[in-house]
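I wrote down what I looked up, entry by entry.

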Amino acid sequence: MHDTLFLFGATGDLAQRYLFPSLLRLLGDGLLPEDFRIRALALSGHDTEAFHDILRPRLQQAMPMASQEDIASLLRRIDYRSVDLRDVDSVAAAVSDLVDRRCVSYLAIPPGLYISTCEGLAKGGALAAPARLMLEKPIGSDSESAEEIITTIGQWIDEDRVFRLDHYLGKAAVQNLIALRFGNTLLEAVWNRNYIESVHILVAESEGVDGRDAYYARSGALRDMVQSHILQLLCMVAMEPPASLEADRIRDEKVKVLRALRPLDAKHAARDSVRGRYTAGSINGQAAQAYQPPEGSDVETFAGVTAHIDNWRWSGVPFHLVTGKRLPERTTRVVVTLKPVTHWLFERPQRAQAAPNRLVFQLQPQENIELGLMSSLAGPEWGALELQPLELELSVPTGLHRRIAYERLFLDAFNGNHTLFVRDDEVRAAWAWIDSVADAWKAANLPLEPYPAGQWGPANAVDFLPQGVDAPDSGASE
């Protein structure tokens, strides 16, 4: 197990809200080596004591149940260095004294700084074997920039020591998709085009762009969420059974799914996609301002795309992918709708009004599985048989000691387990499809549809949303 962490971007929100608290819990649970060390690195000109003073209240806020002893123990392991990530020599000097240890470098920084930072790490000796590198997604902003990052960094470190994170893969609920799909005969038997009519994947956020304006003005919902989280969920739902749970066998099957995605054509862009941007509105009674990107930015805060997977298992099955900001609630769900029964026997309801069987995987804010069936209810007339929907809810037991995503990902990277990380060919395949969507939008001049904050996207988003989500109100005031 590696015993030294170089954490770049240590003063940023990701590090302060998630990474350091995750390390605190791992330390408290006795899962880190006794001599584990962390070097925090960022541009701010603090010394170690000042950085501890900044981090301590953030840890107390994020982990109110943590003991003061555990917090003090973590802080003792952390020293701080100010570093200019655009200056190769500055990076090299900041790490060179610890490269005799088994080091992991975590880059919680914008992808535009990856190459210069990695060049500095290589110059300082921090990428030589057995050192490892953890990279936050997104890797670039399109195929071209992703290829530059992958190829350039590949000159300094082997692929088998690179760990590209998508934190969704660290969520227990996402990992449970594999268990449910491949561990249950009931699902294995119907998991194909013969029985499944459609799949909806929804990642909704009630928060706005706030605090990420510079990044979001360049990316938008398509590149920020669809390219990473939603395509990862799609792979988990759609991939073929791997030969084993070995990391590369799972990642092989994910890449096959991404390569089978049909590129979006400009002729079908208006039919198969929608893009929107939130205007002023309200969420839970709280006023929300409109998103106003920098002048000249055409980015969307809502994206809906119908994807088609051109292979035997999924031919003809639409995958409706939706994400947006300032929606009514924060939720991530996968809705699998099965085809109707072949022969309808019942008087009520009529076949056209019968609710289809649905399997709903609720991934956040709480983990839940719901199965919608039809059950019999004697009708008022003698001999009549009426069906009524029957919802079976399989709630995940509360009180389990579940690892938050970054805890699991840290442990796997420290121990060299690649299963929950993204391989280079997977990055390339994901960007290739995303670029086809962006190019189709541009060629079709697909407009940005306004939607008030607190609504489920633009009015024409209704065809992309799963049943049970309220249809957008086209008449809502802005």
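**Entry 1: aromatic rings**

I began with the ring pairs, which link Phe36, Tyr106, Phe410 and Phe414 into a cluster. The model is a predicted one. I then took the count of aromatic pairs, which comes to 11. For tryptophan 314 and phenylalanine 319 I noted ring centres 5.2 Å apart and planes at 85°, so this pair is edge-to-face. I looked up the cover of both residues: tryptophan 314 is buried at a relative accessible area of 0%, and phenylalanine 319 is buried with a value of 0%. I also found a charge over a ring: the charged end of lysine 171 sits over the ring of tyrosine 168, 5.3 Å from its centre.

**Entry 2: the chain as a whole**

I listed 13 helices and 17 strands in the protein chain. Of its 478 residues, 53% are buried. I checked how far apart in sequence the contacts reach: among those between residues at least 6 apart, 77% join residues at least 24 apart.

**Entry 3: the nonpolar core**

Which residues touch the most other members of the largest nonpolar core? I wrote down Leu5, Phe8, Phe20, Tyr106, Phe319, Phe361 and Trp433, in a core of 143 residues. Helix 9 (residues 213-238) gives the most to this core, with 14 residues. As background, nonpolar side chains tend to be buried together in soluble globular proteins.

I followed up phenylalanine 319. Leaving out residues up to four places away in sequence, phenylalanine 319 touches Val199, Leu234, Val237, Ala238, Val305, Thr306, Ala307, Ile309 and Trp314.

**Entry 4: helix 4**

I asked which residues of helix 4 (residues 88-95) are buried. They are Val88, Val91, Ala92, Ala94 and Val95. Seen down the axis of helix 4, these buried residues fall within an arc of 165°, so they line one face of the helix. The general point is that an α-helix has 3.6 residues a turn, so residues three or four places apart point the same way.

What do the buried residues of helix 4 pack against? I found strand 1 (4-8), strand 2 (37-42), strand 3 (78-82) and helix 5 (114-123). At the N-terminal end of helix 4 I found a cap: a side-chain oxygen of aspartate 87 lies 3.0 Å from the backbone nitrogen of aspartate 89.

**Entry 5: helix 12**

I turned to helix 12 (residues 405-415), where nine of the 11 residues are buried. The buried ones are Ala405, Tyr406, Glu407, Leu409, Phe410, Leu411, Asp412, Ala413 and Phe414. Phe410 and Phe414 also belong to the ring cluster with Phe36 and Tyr106. The buried residues of helix 12 pack against strand 1, helix 1 (13-28), strand 4 (103-107), strand 5 and strand 6 (162-165). After helix 12 comes glycine 416, with a positive phi near 80°.

**Entry 6: threonine 323**

I located threonine 323 in strand 12. Threonine 323 is buried, at 1% relative accessible area. Where does its side chain make a polar contact? A polar atom of that side chain lies 2.9 Å from the backbone oxygen of valine 203. Val203 is also among the residues that threonine 323 touches, together with Ala221, Met225, Val226, Ile230, Thr301, Phe302 and Ala303, not counting residues up to four places away in sequence.

**Entry 7: backbone geometry**

I kept one general point in mind: most residues other than glycine have a negative phi, and most peptide bonds are trans.

I noted a cis peptide bond between lysine 137 and proline 138, with omega about 10°. Proline 138 lies in the loop between strand 5 (132-136) and helix 6 (143-153). Another cis bond runs from glutamine 364 to proline 365, with omega near 10°. Proline 365 is in the loop between strand 14 (358-364) and strand 15 (368-378).

I then looked up positive phi values. Asparagine 284 has phi near 55° and lies in the loop between strand 9 (281-283) and strand 10 (286-288). Arginine 326 has a positive phi of about 55° and lies in the loop between strand 12 (318-324) and strand 13 (331-338).

Is each of these two buried or exposed? Asparagine 284 counts as exposed at 70% relative accessibility, whereas arginine 326 is buried with a relative accessible area of 16%, the cut-off for buried being under 20%.

Note on methods
Residues numbered from 1 in each chain as written. Heavy atoms only, no water. Buried < 20%, exposed > 50% of the residue type's maximum accessible area, 1.4 Å probe, protein only. Helix = DSSP H or I, 4+ residues; strand = E, 2+ residues; numbered from the N terminus. Arc of directions from axis to C-beta. Contact = heavy atoms within 4.5 Å. Polar contact = N/O pair within 3.5 Å; in protein donor to acceptor, adjacent residues only side chain to side chain. Phe/Tyr/Trp six-rings, centres within 6.5 Å; stacked < 30°, edge-to-face > 60°. Lys NZ or Arg CZ within 6 Å of the ring centre and 35° of its normal. Core = buried A, V, L, I, M, F, W, Y, C linked by side-chain atoms within 4.5 Å.
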